[in-house]
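Biologist: Hi! I'm new to this one, could you walk me through it?

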Amino acid sequence: MSGWSYPDASLQDLVKMVKGFIDMLILASGYQSSGRVAHWDSHNITKALQWALFLQHVLRDLSSSDDYKESLKELDAALCELTANPYLPQGLAHLSLKVLSRASEFMLEHLISVFPLRDEHLKALLTANVEMDYHTHQNTDSRSLNGIFETLMCSTSKNPVPNERNFPREESLNSLPNSSPSGQAVDSIRCGFSLFTAQALERRQLTVSLISSAETGLNILSSGLRDLYEREDNNALNVNVKHTTNFMTEERPIGSAVWNSWKSRSLSYLLDKRTIRLVSGASLLFSAPKSQWIQVFQRIDISSQLEDSLREIVELTLLGCVVDRWSFLIDRLILTSYEFVTTSRLYNEVHNYVQRGCREEIINSKEKGIIEYLEGFLHNRLYLLWELSPVLAAFAIPSWSNLFRKYLTELDGQVTGDFSLTRSCSSTNERKEHRECDLAERIWCLHVCHGGGSDVESGSFSA
């Protein structure tokens with residue numbers, strides 16, 4: 001027998017209301033399901049906020065009386081069933097009764113977090129907030145609209161942006177005091193929507209400023225690394241004599257200029273702004289269930305057979321394998337010091353590591369799912385790996401996978417001269433094919449990743 005006893009709405013009606021609220025939140029994030037930009041005017045924003053207020057009031061009523069305890073439990077169970085749906089956007093997977101109790105704030109947060117925040121959208125948002133504040137209190141307060149603006153300006157100036165380390169909210173649309181509030185608190189409550197939005201916009205602006213500063217620093221570092229590896233490349237060309245025999249049979253050690261050139265080139269790729277953005281995208285994409293991100297790639301693969309699109313799919317999936325250990329990857333490269341060794345020795349060390357095998361417990365389930373997909377995707381497209389940075393293939397393809405064995409087999413074939421894949425190397429001014437340079441760099445990257453021994457095997461590479 002159902003324990004639902006709330007008289008003002010049935011459980012089915014409330015579930016429909018919550019589903020409608022979820023649909024609004026998805027649109028409030030800035031885009032439609034088709035990928036097109038979602039356009040909001042002040043009227044629709046007001047309707048969305050009124051929808052959120054209704055859910056807040058219901059949650060407040062259900063929580064205010066022990067008579068509705070069973071009803072609250074049933075609503076909670078229905079909400080858990082909704083959030084367990086694999087097709088629900090992962091950004092809303094934490095939707096709960098607690099979140100619905102502050103549905104207005106939650107809706108505003110999504111409307112404010114839209115990227116990019118266009119002028120039209122901002123104007124509509126602010127207009128809707130002021131209208132909501134004004135109409136909410138027009139029956140209990142005879143002040144004019146100018147009075148509302150004065151209160152808002154006064155409250156905002158007295159409530160500066162919180163410390164960026166924790167961003168606590170100064171006011172809440174939902175936390176009305178039981179006792180009689182002070183005059184300032186009354187003003188804040190009367191302008192609850194507008195004040196919350198003003199402070200949230202200030203926090204957003206501060207965050208954007210911090211991100212901009214970080215990007216500026218990253219650009220300077222990346223530019224410096226690009227200049228460095230270009231100089232290292234030139235030095236490497238000056239100190240190396242062109243190979244006339246199989247470079248794996250020679251015992252000449254790798255020069256420090258060549259070593260540093262590979263290191264700088266790898267770091268430059270990892271710290272490039274484009275790569276950082278792809279890492280961020282991979283982190284978001286692969287936090288979703290496997291069925292969802294596979295659908296995304298299938299649509300791209302079907303809609304576009306362009307080499308650039310296919311290569312980006314491979315790059316994004318490889319980055320998805322290392323996103324959880326990105327900082328470690330960069331640290332490992334930075335701490336790699338020059339060794340007076342030959343390429344053949346590095347090559348043998350890589351093979352020795354692979355022959356020792358990989359312990360089962362370091363296999364990550366998310367990584368395994370990505371690699372399984374990539375193995376199928378690269379079945380007849382292995383050449384795409386040679387169009388990406390050598391450091392990405394070395395660090396991202398786990399040694400336990402069939403893909404790693406295929407990659408190593410292809411590398412073996414190219415080393416012995418029986419190769420099917422070639423790549424144009426940019427280390428010469430003439431941009432001629434320079435297979436040996438590319439192979440040596442790939443062997444070096446594999447050595448840095450897999451030849452380090454204990455720290456890799458002890459779990460540094462496990463997620």
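Biologist: What should I know before we start?

Modeller: This is a predicted model, where local features need pLDDT of at least 70, side-chain atom pairs count only at pLDDT 80 or more, and totals for chains, interfaces and linings use all residues. Residues are numbered from 1 along each chain as its sequence is written, and side-chain values use heavy atoms, with hydrogens and water left out.

Biologist: Great. At what angle do helix H2 and helix H3 cross?

Modeller: The axes of H2 (residues 42-64) and H3 (residues 69-83) cross at roughly 135° and come within 8 Å. That makes H2 oblique to H3. Helices here are DSSP runs (H or I, at least four residues), numbered from the N terminus. Axes are lines fitted to C-alpha atoms over the stretch in contact, and angles run from 0 to 180 degrees between N-to-C directions. Under 35 degrees counts as roughly parallel, over 145 as roughly antiparallel, 65 to 115 as roughly perpendicular and the rest as oblique.

Biologist: Which residues in H2 meet H3?

Modeller: Leu 59, Leu 62 and Ser 63 in H2 meet Ser 71, Leu 72 and Leu 75 in H3, where contact means heavy atoms within 4.5 Å.

Biologist: And how do H11 and H13 pack?

Modeller: H11 (residues 273-285) and H13 (residues 307-322) pack at about 70°, their axes 9 Å apart. The two are therefore roughly perpendicular to each other. From H11, the contact includes Arg 274, Leu 278 and Leu 285, and from H13 it includes Glu 312 and Leu 316.

Biologist: Switching topic: which residues touch the most other members of the largest nonpolar core?

Modeller: Val 314, Leu 318, Leu 333, Leu 385 and Phe 395 do, in a core of 64 residues. A nonpolar core is a set of buried Ala, Val, Leu, Ile, Met, Phe, Trp, Tyr and Cys residues joined through side-chain atoms within 4.5 Å. Apart from it lies another core, of 47 residues, with Leu 11 and Leu 53 among them.

Biologist: What does Val 314 touch?

Modeller: Not counting residues up to four places away in sequence, Val 314 touches Leu 374, Phe 377, Leu 378, Leu 384, Leu 385 and Leu 388.

Biologist: Last one: is Asp 133 buried or exposed?

Modeller: Asp 133 is buried, with a relative accessible area of 1%. Buried means under 20%, exposed over 50%, and partly exposed in between (1.4 Å probe, protein chains only). Asp 133 lies in helix H6 (residues 119-137), and its C-alpha is 6.3 Å from that of Phe 193, although they are 60 residues apart in sequence.
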